[in-house]
Amino acid sequence: MKKWLLGAVAVVALGAGAGWAFREPLALMLYARGAEQALTSNNLDGLPDGLHAAFCGTGSPMPDPDRAGPCLAVIAGKRLLIVDAGEGAARNLQLMGLPPGRVERVLLTHFHSDHIDGLGALALQRWVGSSATAQLPLLGPVGVGQIAAGFNAVYQPDSTYRVAHHGEAVVPPSGFGLSPRAFAVPETTAVISDDGGLKVTAIRVDHRPVAPAVGYRFDYKGRCLTVSGDTVVSPVLMRAAEACDLLVHEALQPRLTRVLGEAAKKAGNAPLAKVMADIEDYHTTPEQAAEVAQKAGAKMLVLTHIVPPLRLAGLEGAFLGDARKRFDGEIRIAQDRDLVSLPATGGIETSRLGGTR
Ligand SMILES: [Zn+2]
Ligand SMILES: [Zn+2]
């Protein structure tokens with residue numbers, strides 16, 4: 001029987017509630033096939049040449065079972081760069097068929113805990129996944145050295161277990177951990193790297209009292225995407241994103257966070273009510289992000305770092321407000337594992353990596 005036909009029969013039999021006697025061997029057969037597929041292919045090498053934004057985390061510190069912490073994979077050709085690594089980032093990358101072992105470097109927008117608390121797992125997965133002989137470069141504004149040193153210290157005992165158990169050939173000790181590369185936050189923008197046809201520009205943004213804070217612009221083969229990081233409406237970012245194909249912008253809807261604040265007050269939880277009020281003043285609303293995208297001349301706006309979690313389908317409209325009226329292009333609310341592609345040949349394509357939700 002042809003392989004695909006066998007698979008199809010197995011799926012139908014399982015789905016139709018085949019007798020218990022058949023379920024186990026069929027499940028094992030599918031499991032073995034899935035394992036083979038996972039180990040012989042990845043989605044990185046299958047993408048067309050160009051720039052791609054893969055959403056490995058679209059959430060925030062607020063609990064959301066459907067969203068990992070902030071993480072954006074930027075793929076330029078076959079190169080894989082990560083912007084921020086919130087909790088669950090490494091797990092999502094694996095689910096998306098983007099091997100952590102292929103991560104070339106990580107760029108941090110700022111040092112809020114939700115943007116860095118997945119760094120330890122990511123560095124570990126990248127080390128073990130590729131038998132890396134050099135540390136994972138961690139780029140960020142001045143202060144990034146402290147972040148790298150902290151994670152390296154915390155994961156040091158674990159690294160010795162790995163080496164003792166798997167051997168230096170599999171996990172070379174020199175590849176363990178993060179290697180910080182700090183840059184000074186520019187007055188407005190500064191090119192921080194330009195190699196292999198990929199130019200990365202750091203952009204000063206305003207997330208006060210959190211400082212330093214930056215966004216990034218990526219240019220590759222005539223295509224461009226800009227990532228806001230966390231910020232209020234930033235004229236610097238708007239200018240830096242000018243004529244960029246894709247704007248990936250954070251978004252918080254105060255209309256919805258105020259509902260949570262009121263609920264906290266009623267429950268007698270004054271500290272939480274205060275936090276809910278405070279977070280309004282250092283983020284951007286979906287409507288404002290739409291205006292930024294319009295003024296920058298973006299072709300598409302993707303909202304991420306979604307606050308609050310949208311646990312009911314009907315809430316998406318309430319989250320967006322009248323954002324769609326303020327931007328001529330398409331607006332999307334990012335979901336974990338979304339992919340937005342900017343092929344070198346032109347156009348914008350959207351798809352999902354690692355299955356649908
Ligand atoms: Zn932040
Ligand atoms: Zn954040």
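How much space lies in the largest cavity? About 150 Å³ lies there. This is a predicted model, where local features need pLDDT of at least 70, side-chain atom pairs count only at pLDDT 80 or more, and totals for chains, interfaces and linings use all residues. Residues are numbered from 1 along each chain as its sequence is written, and side-chain values use heavy atoms, without hydrogens and water.

**Cavities**
- The count is 2 cavities of 30 Å³ or more. A cavity is a set of points on a 1 Å grid where a 1.4 Å probe fits but cannot get out, and lining residues have an atom within 4 Å of a point.
- Of the 18 residues that line the largest cavity, Pro-70, Asp-84, Val-227, Thr-304 and His-305 are the closest to its centre.
- Strand E11 (246-252) gives the most to this lining, with 3 residues. Strands are DSSP runs of E (at least two residues), and helices are runs of H or I (at least four).
- About 60 Å³ of space lies in the second largest cavity.
- Its lining includes Gly-120, Leu-124, Phe-151 and Tyr-155.

**Helix packing**
- Helix H5 (residues 119-130) packs against helix H6 (residues 144-166) at about 45 degrees, with axes 10 Å apart.
- That angle makes H5 oblique to H6; oblique covers what is left after under 35 (roughly parallel), over 145 (roughly antiparallel) and 65 to 115 degrees (roughly perpendicular).
- Leu-119 and Trp-127 of H5 and Arg-162 of H6 are among the contact residues. Contact means heavy atoms within 4.5 Å.
- H5 and H6 each give two or more residues to the lining of the second largest cavity.

How values were computed: Chains lettered and ligands numbered in written order. Axes fitted to C-alpha atoms, helices over the stretch in contact; angles between N-to-C directions. 1 Å grid on protein atoms, 1.4 Å probe; cavity = no way out; pocket = protein on both sides within 12 Å on 5 of 7 lines; lining within 4 Å. Points joined across faces, edges and corners; volume = space filled by probe spheres on them.
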